[in-house]
Amino acid sequence: MSNLRKGAYLLVPLVLFIAFSPKTGAQTCRASGAMRVTKPHPGECNTENNSECCKPGIFYTTYTCSPPVSSRTRATLTLNSFEEGGDGGAPSECDEQYHSDNKRVVALSTGWYKGGARCHRWITINGNGRNVKAMVVDECDSKAGCDEDHAYQPPCRNNIVDASKAVWQALGVSEDNWGDLDITWSDA
């Protein structure tokens, strides 16, 4: 048997092991698709908290997963209103209720929301030199958007913790800096 052939016999199992290793699969979260807005909805997008509105002809990336959760999961904190008429759109997924922006509540990207498995559970958010606990009440939908239920806003990125004003206040972030903040979070 040639050395080349022997090398191939050793290489194939190694490649298969790496390709199907649970660890490598868990470390990646790739886009699951894209959606394109064909019909504009002028005046229907809720721009409270400087929310982005869907634009016709633009492709928006969608995800069914999020990065793996650890004791210090990296994420982007965004601002959301959970109140009726707020930029959060429809009632919260966990209980079909609206929630006061004076309560520490959050929505998690689809993969982290885990089909509701984190509903009404507390997470710890670390940012701006502080840490606070907040309750998960909603999904920041990474699979869909640009419709009435999503306040005509694009799908969430896969690494979002969408937080009420109370969370931003508890983190001590000045109001003029609310919007996007690099944070870490973990299950409480």
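Buried residues account for 42% of this chain of 188 residues. The model is a predicted one. The chain exposes about 10800 Å². Carbon and sulfur atoms supply 50% of that area.

Now the fold. The chain contains four helices and eight strands. Read from the N terminus, the elements follow the order α-α-β-β-β-β-α-β-β-β-α-β. Contacts show how sequence and space relate.

Disulfides come next. The count is four. Three of them are followed here, among them the link of Cys 29 to Cys 65.

In that pair, the S to S distance is 2.0 Å. The angle about the S-S bond is 95°, and the link is right-handed. Cys 29 sits in the loop between helix 2 (22–26) and strand 1 (33–36). Cys 65 sits in the loop between strand 2 (59–62) and strand 3 (73–79). Is Cys 29 buried or exposed? Cys 29 has 19% relative accessibility, and buried means under 20%, so Cys 29 counts as buried.Cys 94 and Cys 119 make another disulfide, with an S to S distance of 2.1 Å. The torsion about this S-S bond is about -85°, so the disulfide is left-handed. Cys 94 has a relative accessible area of 19% and is buried. Cys 119 is buried too, with a relative accessible area of 19%.

A further disulfide joins Cys 140 and Cys 156. Their sulfur atoms are 1.7 Å apart. The link has -55° about the S-S bond and is left-handed. Where do its two ends lie? Cys 140 belongs to strand 6 (residues 130–140). Cys 156 is in the loop between strand 6 and strand 7 (160–163). The pair links distant parts of the chain, 16 residues apart. Both Cys 140 and Cys 156 are buried.

How values were computed
Residues numbered from 1 in each chain as written. Predicted model: local features only at pLDDT ≥ 70, side-chain atom pairs only at ≥ 80, totals over all residues. Heavy atoms only, no water. Disulfide = S-S within 2.5 Å. Buried < 20%, exposed > 50% of the residue type's maximum accessible area, 1.4 Å probe, protein only. Areas by Shrake-Rupley, 256 points an atom, 1.4 Å probe, with all protein chains shown as cover.
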